[in-house]
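Notebook open, model loaded. Here is what I looked up, in order.

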Amino acid sequence: MRPLKLIMSAFGPYAGQTVIDFSQLGEQGLYLITGDTGAGKTVIFDAVSYALYGQTSGGVRDANMLRSQYADADTPTFVELEFSFRGKCYRVKRNPEYRRPAKRGTGMTKEKAGAELYYPDDRVPVTRMSEVDKSIVELLGLNHKQFTQITMIAQGQFRKFLDTNTDERSKIFRDLFHTYFFQQLQDKLKQDAAAKRNEFAEQQRRSEQALNGISCIYPAYTEQLQSFALRHYEGCVEEVLTLVDTITALDEKEQQQVAAAAAIVTKNLTALQDSLGAIAKKQQLEKYMQTTEAKMVSMQKQLEQEAAAAVQRQEALQKLEAEVNEAQKGEVELAQLQTERQQLAARQRELLQLQDMQQRYQRQEVVLLQKRQEYKQACDNFNHLNELSDTCFDRFLSAQAGLLAHDKLKPGKPCPVCGSCEHPQLVQLAQDAPTENDVEQARAKAEAAQKIRDGLIGEGKALKEHLELDKTLLLGKGVELLGCDDLKLIAERAQSELKDVNNKITALRLKMGFLQEKVEQYRKLAKTLEQQKAVDKQAEAAAQSIRQQLAGAEGQLQELKKQLAEQNELLTDVDEQKLQQEHEKLLVQQRELELQDKRLYAAIKNNQRIKQEVSGYEARRAACEAEYSLINSLSATLNGTLTGKKRVNLETYVQMHYFDKILQRANVRLLHMSRGQYELCRDKMQDADSKTGNSKTGLDLEVKDYYSGNLRSVKTLSGGESFMASLALALGLADEVQSCAGGIQLDTMFVDEGFGSLDDSSLQQAIATLQGLSEGHRLVGIISHVHDLQEMIDKKILVRKKRGQQGTGSEVALVVD
């Protein structure tokens with residue numbers, strides 16, 4: 001990763017928008033970041049770290065502290081970094097959470113933290129903060145902690161990577177060199193060993209649980225089983241199973257003896273049950289005889305009662321049939337009256353229809369008379385208006401001479417009528433002479449009156465024709481119904497006959513009402529008669545059924561008497577009480593033998609099941625024990641937990657290989673910077689001394705002092721020596737990571753202070769070492785107040801505080817000689 005351009009807005013001490021173009025510094029070599037104390041030199045590294053990971057480089061400044069105190073309220077706070085990685089350019093932008101003026105209204109509001117990542121291709125930008133964090137880690141292959149440890153030697157953090165222990169270095173190497181596979185293999189073997197151990201223990205637990213359920217009623221064997229149980233059956237399972245076979249054989253032998261005794265009891269019980277069955281049958285026959293005799297008496301009594309009731313029903317039926325015959329006559333008469341009424345009703349409808357025709361004819365006569373009067377008035381009105389129109393037209397023509405004399409005749413001009421040029425006596429124009437418009441209005445009124453008159457002529461003609469047609473129909477109906485063709489006689493006769501028909505209908509209605517009541521009575525009596533006949537029929541059927549049952553009961557009674565006599569002969573000299581006592585005694589014996597047989601059967605089956613289950617558990621336990629021994633041994637070897645051996649697991653062993661190569665690269669620079677005095681070494685003595693205990697070893701460091709010839713802890717180094725060792729170790733790590741196939745590409749490094757602790761000679765050696773990094777196209781930025789560095793390094797980023805009229809905050813300037 002190489003930064004190309006950094007934009008800081010209202011970030012840290014930078015009040016406005018500050019742009020740093022790293023591309024002007026070139027692709028390799030050293031550049032110095034220098035300036036006033038507290039001006040914000042380290043903030044530049046913080047901005048790079050915050051843009052990538054949302055955290056500052058040293059972890060000292062929290063994200064909510066990044067808003068510049070010098071910035072205007074409207075200036076947004078954000079950091080935008082454009083960087084290259086594997087030849088492609090990316091851009092990431094972040095802003096912390098801060099307070100800003102509200103866009104609507106007054107007051108302040110909260111600007112939420114946000115992040116954006118833009119790719120060099122057509123991929124959609126990532127805009128969710130959590131997804132940006134994940135994408136950066138996936139892209140660079142480093143998380144924030146690893147990035148700062150490898151690429152940023154921050155102020156006050158020189159000794160962290162140098163002094164860290166095996167566990168911390170292992171976590172860093174796991175991601176850098178992808179050794180997590182070995183850790184997964186170790187964990188998988190550990191899990192498999194634990195699973196096999198648990199499976200072995202589970203089979204042992206199941207076996208013990210099953211053996212605790214052995215059924216045994218023999219005291220001697222019970223004591224042996226209890227002694228085995230106290231030992232949890234450890235090492236004696238086969239002996240216990242042999243004992244189970246012995247107990248099962250004893251139970252089976254006793255079960256056979258119980259079965260033989262049960263057969264004898266069953267035989268004796270069957271003989272007793274036959275005798276008791278004969279006694280029970282005798283008692284049952286006696287009970288049946290008593291019941292049959294009582295039933296026969298009851299049926300005989302029912303037959304007597306039914307005979308008396310049958311006589312009463314016959315008398316009632318005869319009386320009811322006579323009443324029905326009498327009431328039936330009214331139904332015939334009612335039917336005749338209904339026919340007569342229908343005929344009168346038909347005549348009534350015809351006469352009413354004739355009256356309607358006559359009334360309609362009379363109404364039409366009145367209408368025709370009215371139309372004639374309207375026609376006479378219309379004729380008079382037309383004649384009057386036509387006369388007025390003619391008079392108006394005549395007056396209009398008469399007034400034309402006056403108009404001619406008034407408008408056309410002038411002295412010396414010829415008259416258009418006679419041609420004379422002299423006009424001795426001119427006609428005077430009348431004052432009330434009608435105009436042409438008056439003539440047109442009078443003529444229009446006359447024409448309208450004429451249309452009304454003509455229309456009434458057509459209406460009168462049509463009405464007269466219709467009236468003549470109705471008259472013809474009325475006379476024809478009169479001849480058909482009444483035998484006369486005179487309108488007056490038709491009206492009189494129709495009125496008279498209609499009155500007679502109405503009177504007859506009224507009389508029939510009264511008589512039919514009386515007969516209707518009689519018919520209803522007949523229908524009720526007929527229904528009652530049918531019901532009585534049905535009841536009589538059912539009663540007769542019931543009596544017949546009783547007679548049949550009585551005959552069957554008599555035959556059954558004779559049969560029961562015969563069977564009872566036979567049964568009495570069989571039970572001569574039999575003591576029923578003694579038989580019952582013996583029967584109860586045998587039943588008790590039978591139940592006891594059944595319970596004993598069930599107990600023995602359950603014990604035998606239970607012990608057989610236990611033996612089968614335990615045999616299976618023991619077989620699986622033996623297999624688990626063999627597998628566990630193999631897997632546990634392999635797991636202990638790979639996880640470094642073998643007793644009496646070095647506590648180095650497989651992953652650490654692989655990482656030790658990488659660590660040795662890192663130290664080789666680091667020592668090339670450290671020996672140069674320390675003039676051959678110091679060399680970093682892996683602490684192999686601690687590996688040899690850590691055969692017991694739980695601490696992880698293999699990646700611890702110590703330093704070899706060639707001046708004294710001793711090995712000592714890196715914690716004994718001075719500040720300047722620690723700086724050189726940390727710098728050499730960081731550079732060696734970066735070289736090794738990039739040298740691995742598919743490794744992480746690190747094209748930049750930042751060093752914050754630490755040079756002030758070096759003497760002039762060590763400083764020269766450190767700078768020479770850093771300048772040597774340009775061979776790998778790496779750009780190294782150094783923060784320092786050391787004056788000698790300003791003369792030794794040409795490329796600079798100058799950071800100054802602004803004061804007075806220039807404003808407040810800090811500003812940045814690039815110096816490239």
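Predicted model: local features only at pLDDT ≥ 70, side-chain atom pairs only at ≥ 80, totals over all residues.

Is F83 buried or exposed? I found F83 buried, at a relative accessible area of 0%; buried means under 20%, exposed over 50% and partly exposed in between, with a 1.4 Å probe and protein chains only.

Residues are numbered from 1 along each chain as its sequence is written, and side-chain values use heavy atoms, leaving out hydrogens and water.

Next I went through the rings. I got seven aromatic pairs, meaning Phe, Tyr or Trp rings (six-membered ring for Trp) with centres within 6.5 Å; planes under 30 degrees apart are stacked, over 60 edge-to-face, the rest tilted. F11 and Y50 are tilted, because their planes sit at 35°, with centres 6.0 Å apart. That pair links distant parts of the chain, 39 residues apart: F11 is in strand β1 and Y50 in helix α1. Strands (E, at least two residues) and helices (H or I, at least four) are DSSP runs numbered from the N terminus. F11 is buried at 1%, and Y50 is buried at 4%.

Back to F83: its ring and that of Y90 have centres 5.6 Å apart and planes at 20°, so I logged them as stacked. Y90 is buried too, at 6%. Ring pairs join F83, Y90 and Y119 into a cluster.

Last, I checked charges over rings (NZ of Lys or CZ of Arg within 6 Å of the ring centre and within 35 degrees of the ring normal). R91 has its charged end over the Y118 ring, 4.0 Å from the centre. R453 does likewise over F382, at 4.5 Å.
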